[in-house]
Amino acid sequence: MIGCAHRRVLVRALRSVVLALGVTVFVACAGETSQQSAQLEVAALVALPWDSVEARARGTTVTWRKWRGDPAINAYVDGWLAPRLRSLYDITLEAVEGQGPEIVNQLVLEREAGRGRGTASLVWINGETFSNLRAESLLAGPWAGVLPNAAFVDSASPIISRDFEQDPSGFESPWGSVQFALIYDTVRTPKPPRSFDELSAWIRANPGRFTHDQGFSGITFLKMLMYARGGGVNAFANGFTEERYAAGQQVVFAWLDSTSSSFWRNGSTYPPDVAAMHRLFANAEIDFSMSNNQHDVVNKVRQGVLPPTARALVLRDGTIANSHYVGIPFNAPNPAGAMVVANLLLSPEAQFEKQKPSVWADGTVLNVRIVPEPWRARFANAEADPQAIPRDTLSRYAVPEVSPRYHERLNADWRDWARAATSSREP
Amino acid sequence: MTRAANALSVEGLAVPFATPASLSSTAGPQGLHLISLEVARGERVVLLGPSGEGKTSLLRAIAGLTPVSAGRIQVGDLDVTHMSAESRGTVYLHQTPVLFPHLSVEANVAFPLTIRRVPAAERTRTVHTLLERLHLGELAKRAPHTLSGGQKHRVALARALAAKPNVLLLDEPLSALDPVLRRDVRDAIREAHAESDAGLLLVTHDLDDATSLGDRLAIMLDRTIAQVATAEVLFASPVSVAVMRFVGLHQEFAGVVRDAQSVDTPLGAVPMPRGATASRDALSDPHVSSLSSGQRVVLGIRSDAIRCQSSAPRSSADRRELTNTLTLPSARVLSISHRSGGTTAAVQLSDVVMHALVDPMSLPPIDSLVTVHIDVRGLIVFPE
Amino acid sequence: MLRRVPFPVLLAMLVATPVLFGVAYSALAVLGIAGAGASAVADSDRLFSVLTDRTTWRATGWSLYVAFSSTAIAATAAGAVALLFPTHKRSDRFARSLATLPLPVPHLVAAATALFVLSQSGLLARVLHALGLIDAPANMPALVYDAGGIALILALAWKELPFLAVVAIALRAGIARDLEDAARTLGASPRTVARTVTWPLLWRGLFPAVIATFVFAFGSFESAVLLAPIDPAALPVLTMERFADPLLARRGEAYGLALIALGVAAVAVAAHEVTRARWGSLVR
Amino acid sequence: MMPPALVPQSRVLTSPWRAMAIAALAISTVLPFVILLLQSFGESWRWPDVLPSGLTGSAWRAVAGGSLGRAAVNSAALGVATAVAAVCVALPVGRSLAQLQGAWRHVAAALVFLPVAAPPIALGAGLQIVTLWLGIASTSVGVWFSHTVPAIGYVSLLFLGVFTSRGTEAEEAARTLGASTWHTWTMVVIPSLRAPITEALAIAFLISWTQVALTLVVGGGALRTLPLEVLTLVRAGQDRPAAVGALLLIVPAIAALAALRLGARRTDALPT
C-alpha cells in the first residue's frame, strides 16, 4: 500500500522519533529551564505600582486550577467572580478541575518536561499542599503582600496568618477560612454530644451509628481527637517532633482500638470521602456526618444532599479551623492576571458575597473592623443564618492547625492501622 | 418380525422452497411436489437432475432439516415425517464436508457415540475400526483444518457410519472435486456403504458419478421425479423426451408416422421401434402404442448405436449385424472429435447432422464420404 | 536491531509509544529519580516498600478476584443471550437488542447506580423495608464497601455484558448453520447441539474479548473508588491514593503499583494474542 | 391436509423460561435509566422512600447555561475529533498490520492493543510525557491526543480483523486494471468498508465519550468533559446534577448506536 521508496523514508523517520523521545525523557530530569520559570516576572510585578500590574493583566486569561466538586462554589466563581473580572479588568477566568495532590504532581511533571510555561496561573491550595509545593519550590513569590486588599486581611488571627503553622510569607494569598464541624440530625439526636468524652459514650451507646471517612475530613477528626486527648493543641504546636507525634499517635489508636468496634460496619471499613458520609447520614445508616466547613450544612440542605433537620455542631474540646489560599505556580503563564484575581478574591465585596449562606457560607479572612465603611456595616449586621453556629461560639472553640507533618504521618499510619485491623477482623 | 425391505420410502412428498417466490418465475406450485421414491436396505440410489431443481431441498427434507408441506417419509418401519432431525435415523452429509473445527478427527468420528453416551471402551473400538477402514488411522489426532479435501470427505463418511444410520443422504459429494480426488471419494463411498446395510441416497448432476455409484438412478426434472430405473433401462428407454435429453445418450431427429410398422425421417424410412416400448418401466406413459399415421414424432437413437466406416466394404464378420442395421451411404464427414468415451465423427446426412463412432485406427478424412450404419434396436420414439 | 523489524511492527510500536513512555517514567519515578519528592540519586526504598507491603498484594489479588468474577458473570450471560436467542424472530431480536443496548453506558454511571440500588439504605433495601422484610439499613447485607465486593462485581458485570453480548452475537451468527445441521442429523437434540457444538465454538471465539473486558475491569478506577472497601483495597484506588499521598516520598510508590498493574495488563495482552491465534479462525 | 410448514425447532429454551430470561434482561437494562431519570428530577430521594419525594426541574434547567451543557458540547466535539483521527490512522495501520504473517502479526497486534489494555494511570503517566514533549500538555489538544491513542489501538485491531478476514483480491483486481494507489483506495477499499468504518467511528467516539480516568490523569482538567464533570459531581455527593450529567452522557450515545444498528445490517467486523 505504501510504495517501497516512501517506506524507507518513513522507517528512518520513525527510528529518529523513537530515539529522540527516549533522549528527551532523560534530559527532562535535568530541571527547569530559565524561560520556563515565572519567578523573575513575579519579582518585577511586585516592584511595580498596583495599577500598572492591573494594566498588564488587562485583556488576558487566567487559568485557575481548583476543585470543582461543589456546584455552589462553581456558581460563585463562574457566575459572580468571572463576570466581575471581565467587566472590571477585562480578564477571562477559566476555572479547571484539580485538587491539591494533582496540582503538585502536574507542576512537578511540567517542570521535568522543561517545556516553557505551564497552564495554570492560579491554584487553590492549603496546608499540606502548600507545604509540598514549597518543599519542591513549585510556587512563585512572594507577591501576596503587595495586593491592595491584603491590608484588610485579619493577619492577627493565627488561623489565617499561619497555614498549618507555616508562614505563607507571601507565597499564597488567603481566600477563606473554615472550621471543622460534626453534622447531626436534630430529630434523630435531639441532645447531641458536645465533647469527645460525651461522643465516645454516645458511640458505645449507639453501635454502628458513627464513623469517619478516609479522606481529609476523617484525618482532621482524628487530629482533633489527638489534641483533645493528648494535652491540647499546644502539646503539638510549633513544629513536629517524633516524640510528640508518637505520644499523640498512641492516644489516637488507643481510642480507635477501644471504640472502633462500635463504629459503622464495626469499623471493618470506612466511607471513602465526605460525600459518602453525607449519603450514609442522609439515608439514616449513620447519625453523624462531618465537614471541614461549618457552614457547609447550609448549602447541602439547600441542594437536597442533607435532610432539612441537619445541623452543624462544634465540639467543646476544640475544632480545627484553617484557611484556604490561592498560590501562583512557578511556571504561571499569566502571573499579573493571577495577582489581580487574587486581589479581587480579597475584596470586601467578594468576601461578603462568599459569606452569604445562600451562596457558599465560607468564612471571611478579612478583619471586619478595618474594612472600608460601606462593608464594615454590612459585615457587622450580616444576616446570621438560623441553621449556622453563632460566630462567637465558633471562634471560642476554634483551634489552629499544627505542622502538616502530623497530618501526613497520621494519614499514613491510620491507613496501615485500618488495613491491619480489618483484615484480622474480617466481618 | 422381518425388517421392512425398504430403508427409505417417500410418498407424495411436497417440499416448499425457502427461496422467495419472486425468484422462481415458473407459474407452477412453488417447490417440489408428488415425490415418491424407495431405497432398499443396502441399495444405492442416485438422485440425478440439472442443478437448481431442488435435489438438495428433497434430501434436507428427508433428513428433517427443512420443512415439508405434504406427503409421508418412512425410514425402516418408522414414519418420521413429523420427527425432528436427530431421531430419524438419517444422516445428511453436506456438499463440502462439515467437520466440527474444535474437535480432532477422532473426536469428530466419535461424536455420534459420545452424545449417545456409548461407553468409552466400545466407543474407541468403533472409532478405531472406522478410521482404519477409511484409511484415516494415522490422522486420528489431527485438527480438521489440517486435512486435505479427500481426507475431510472420508472423515465425514466415517462419522456418519458411527451414527449407524438407516439412511445415508449425500448431497453432491463429488461435484467440486478434481478427477483424482473424485475417484478417491467414490471408492470411499463404496467402501463405507459396503460395511452397513443402510440405504444410500446420493445427489449429483453428473451422469458418470451416477452410473458408477448408483444401483438405480432417479431422474428429477421440473421439481418432481420423472423416472427411477437402472442405468441400463434408463439408457434403453427414457420415459420422456425431457429425460432423454437430460440423460444425453440419444441423438434426436424429427419424423412422421407412415403406418404401424415404419416412420418417414430425413434419413429415409425407419421401422417403428417395437422392442423399445416393451421393456419400458411401469412408470412410463401408455400413449406410445396409440401413434396414428401422419403424426409428427421425435425419434432418438443411442449414440453408441451409430457407427460409420470408410466406403470400402468391411470383412464378412460385420455382415451378421446387417439384419437390424439401417445403412446410409454417402454421408459427408464434417469433423472428428476425441473424448474419453470414444472417438466420433460428425457426419452430414441430407439435412441432419449425426455423431457416429469411428475406428480411431483408420480415421476418415474431413469432407470424405462414409457409410453410416445405425442399429435400429437403439431407436425410440415419442409424440412431439 | 531495528533493521530486521518489519515496517508494520514499527508502526505498531509508534501506536504503543505512550505506554512505553509510561513504563519508562514509572520506572524512573519508583526509583526516585522522577516525579514528586524525587532526588538526583536513585534509591530502591519505594520499590522495596511497594513489593514488601502486604497491602500491595492484597489489593492486586482482590482486584484480580473482582475482575475475574465480574467477567465470568458477564461472559456467561453474554453466551447465554447468544445461545438462547439466535433466530431472526421478533422476540429473539428484542432480547438481543436489550442485552446490547447499554453498550455506551460508562463504568462510572453503572457504579453510581449500583451504589444507589445496592447500598444498605439503597433502593433495594427500601423496597425490602416497604415489604416489611427488614426494618433498618443495618439488617440489609453489606453489598457496598464490602470485602466480597458484591456491588462492584455486579456493576462491572452489568457494564461488560453489552460489550461481550455484541461479540457473542456476531460470533453466533458467524457459526455456520451447517455445523448445527450436521450435529442434528448425527442425532443431537437442540440442547445437545448447543452444549457440544455451539457453546464450545462460542466461548473459544469469545475468549479474547473476555480477556479484554477482564483488563478493563481490573483497571477501572471510577467503579472501585465508589464501591470498594478500604481493605482489601482495589489496586487502582490504592494507586490513586498513593498518587495523592500528602507524603511526597510515598507518591513514587504509586508508580510502582502502576507498573504492577501494567504487568498484569501485559500478561493479559499476551494471553489475548495467544487465544486469538489459537481460536481466532475457528469461527469465520 | 398437513399442518402448515413444520420448521424443525432449533430453539433451545422452552417458552416459560424464555419469557423469564427476557424479563430479567429488560429489568437489568431499563431499571438504571428509570433510576437516573427519577434522580434527575427528584427533589430528594432518601431512606426509606421508594420513590423520590417531590420533583424539580432545577437540575435540568441548570444544564443550558451551566457547566454540564458546555461539558457535553466539549465531549461531543472531542468524541468526533477522536473518532475521525483514530479511524484515519487506524485504517492504514490495520491494513499494513494485515500484511504481517505469523509471529510478527501477533507481536504487532499485542503492541497496538497495549494502550487499550494498559490501566489508565500507567498510560496516563506516559501520555503526560508525550503531550508535554509535544507542547500540548493540559490543553484541549492534549486531551484529544490522549483519547486518540487508546482509540487508535482498539480500532486498529478492528481493521486488522477486517482485513485479515477480507483478503486483498478486490484490491489486486483493481491494481491489475491499472488503478493507482489513490484510485484503489477511494474507489475500491473505502467503499467496501462502509460497515466496518461506521462501526470503528462509533467505537472510537464511545472510547472518548466515556473516558474518565485518562482525562483525569492527563488532562490536568484543561478540558471540562462531561464524564469528568459527572465523576466530580458523584464524588461530591451531588446526585441530582450527576444524574442529569449521566443521562446527557448515555441517551445520545444509545440513540446513535440504535441508528447505527438500524442503518448497517449486522456488522460482524468486531474483532473476535
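At the start of helix 3 of chain C, in this predicted model, a side-chain oxygen of C:Asp53 reaches to within 2.9 Å of the backbone nitrogen of C:Thr55, which is a polar contact (a pair of N or O atoms within 3.5 Å, where, within protein, one must be able to donate a hydrogen and the other to accept it, and residues adjacent in sequence count only if both atoms are side-chain atoms). Helices (H or I, at least four residues) and strands (E, at least two) are DSSP runs, numbered from the N terminus. Chain C as a whole contains twelve helices and zero strands, and its C-alpha atoms fill a box of roughly 75 × 70 × 30 Å, taken along the principal axes.

In chain B, six strands form an open sheet with the order 6-7-8-3-9-10 and mixed pairing, where two strands are said to pair if DSSP finds at least two bridges between them. Strand 6 (90–93) and strand 10 (224–229) of chain B stand at the edges, each with a single partner strand, so that one side of each is left without a neighbour in the sheet. From one strand to the next the twist averages 20°, with axes being lines fitted to C-alpha atoms, for helices over the stretch in contact, and angles running from 0 to 180 degrees between N-to-C directions. Strand 6 of chain B runs parallel to strand 7 (residues 167–171) of chain B, and four bridges join the two; here B:Val91 stands opposite B:Leu168. Helix 5 (residues 179–195) of chain B packs on this sheet, touching strand 3 (44–48), strand 7 and strand 8 (199–204) of chain B, where contact means heavy atoms within 4.5 Å. The direction of helix 5 makes about 160° with that of strand 8 of chain B.

Chain A holds an open sheet of three strands in the order 6-5-7, with antiparallel pairing. Its edge strands, strand 6 (288–291) and strand 7 (310–313) of chain A, each pair on one side only, and the twist averages 30° from one strand to the next. Strand 5 (residues 181–185) of chain A pairs with strand 6 of chain A over four bridges, and A:Ile183 stands opposite A:Ser289. Elsewhere in chain A, the axes of helix 8 (residues 196–205) and helix 10 (residues 242–259) come within 11 Å and cross at roughly 25°, which makes the two helices roughly parallel (angles under 35 degrees). In this pair, A:Ser200, A:Ile203 and A:Arg204 of helix 8 meet A:Trp255, A:Ser258 and A:Thr259 of helix 10.

Among the five pairs of chains that touch, chains C and D have the most contacts, whereas chains A and B do not touch, their nearest C-alpha atoms being 30 Å apart.

The predictor gives the complex an ipTM of 0.79 and a pTM of 0.82. The mean pLDDT (the predictor's confidence in each residue, from 0 to 100) is 85 for chain A, where 89% of the residues reach 70 or more. In chain A, pLDDT stays under 50 over residues 26–32. Chain D averages a pLDDT of 81, and over its residues 1–9 the pLDDT is below 50.

Residues are numbered from 1 along each chain as its sequence is written, and chains are lettered from A and ligands numbered from 1 in the order in which they are written. Local features need pLDDT of at least 70 and side-chain atom pairs count only at pLDDT 80 or more, while totals for chains, interfaces and linings use all residues, and side-chain values use heavy atoms, with hydrogens and water left out.

Technical notes: Parallel < 35°, antiparallel > 145°, perpendicular 65-115°, else oblique.
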